[in-house]
Amino acid sequence: QVQLEESGGGLVQAGESLRLSCAASGRIFYIHAMGWYRQAPGKQRDLVATITGGGTTNYADSVKGRFTISRDNAKNTVYLQMNSLRPEDTAVYYCNLDYQPSAFLARQAGWGQGTQVTVSS
């Protein structure tokens, strides 16, 4: 089993910044990618940003230029620096892990419990 421990959510005003962290632990043989998704009330869960072990990043158009994803491979930790936050960024943010538990098992997806980010106008 894999555990994803998220931290860093909270309530901020528009224009302010937050930094989310997610540390992965447990049975992990190889991590293909780590990332963040978000889900606003009544909406589907959408991709925010992902990063591979080699550092290749991918961002949703709505956050490009404002959010930065980074990763500490030695700590199996992914970060999301969120600047110039907007009310429409309000959502529960979920950490995602694309990994293999062992060399003999297929890729699997792990999810964190979610952390609330609320941006007031």
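Four salt bridges turn up in this structure, where a salt bridge means a side-chain nitrogen of Lys or Arg within 4 Å of a carboxyl oxygen of Asp or Glu. The idea is simple: side chains of opposite charge can pair when their charged atoms come close. Keep in mind that this is a predicted model, so local features need pLDDT of at least 70 and side-chain atom pairs count only at pLDDT 80 or more, while totals for chains, interfaces and linings use all residues. Residues are numbered from 1 along each chain as its sequence is written, and side-chain values use heavy atoms, with hydrogens and water left out.

**Salt bridges**

- Asp89 pairs with Arg66, and their closest N and O atoms are 2.8 Å apart. Asp89 sits in the loop between β8 and β9 and Arg66 in the loop between β6 and β7, so this pair ties together parts that are 23 residues apart in sequence. (Strands are DSSP runs of E with at least two residues, helices are runs of H or I with at least four, and both are numbered from the N terminus.)
- Asp89 and Arg66 are both buried. Buried means under 20% relative accessible area, exposed means over 50%, and partly exposed is in between, using a 1.4 Å probe and protein chains only.
- Arg66 and Asp89 also belong to a network of salt bridges that takes in Arg38.
- Asp61 and Lys64 meet through their side chains in another salt bridge, at 3.1 Å from N to O. Asp61 counts as exposed because its relative accessibility is 64%.

**A look at Asp98**

- You'll find Asp98 in strand β9. Its relative accessibility is 19%, so Asp98 counts as buried.
- Asp98 forms a salt bridge with Arg107, with the closest N and O atoms 2.5 Å apart.
- Leaving out neighbours within four places in sequence, Asp98 is in contact (heavy atoms within 4.5 Å) with Tyr30, Ile31, His32, Ala33, Arg107 and Gln108.

**The disulfide**

- Searching the whole structure gives one disulfide, meaning a pair of cysteine sulfur atoms within 2.5 Å.
- The partners are Cys22 and Cys95, with an S to S distance of 2.1 Å. Cys22 lies in strand β3 (residues 18-26) and Cys95 in strand β9 (residues 91-100), so the bond ties together parts that are 73 residues apart in sequence.
- Cys22 and Cys95 are both buried. The torsion about their S-S bond is about -85°, so the disulfide is left-handed.

**The nonpolar core**

- The largest nonpolar core has 29 residues, and Trp36, Leu80, Met82 and Tyr93 touch the most other members. Such a core is a set of buried Ala, Val, Leu, Ile, Met, Phe, Trp, Tyr and Cys residues joined through side-chain atoms within 4.5 Å.
- Several strands give two or more residues to this core, including β1 (2-7), β4 (30-39), β5 (46-52) and β8 (77-82). With five residues, β9 gives the most.

**A look at Asn58**

- Asn58 is placed in strand β6 (residues 57-59). Its relative accessibility is 41%, so Asn58 counts as partly exposed.
- Not counting residues up to four places away in sequence, Asn58 touches Leu47, Val48, Ala49 and Thr50.
- Asn58 and Met34 are 24 residues apart along the chain, and their C-alpha atoms are separated by 11 Å.
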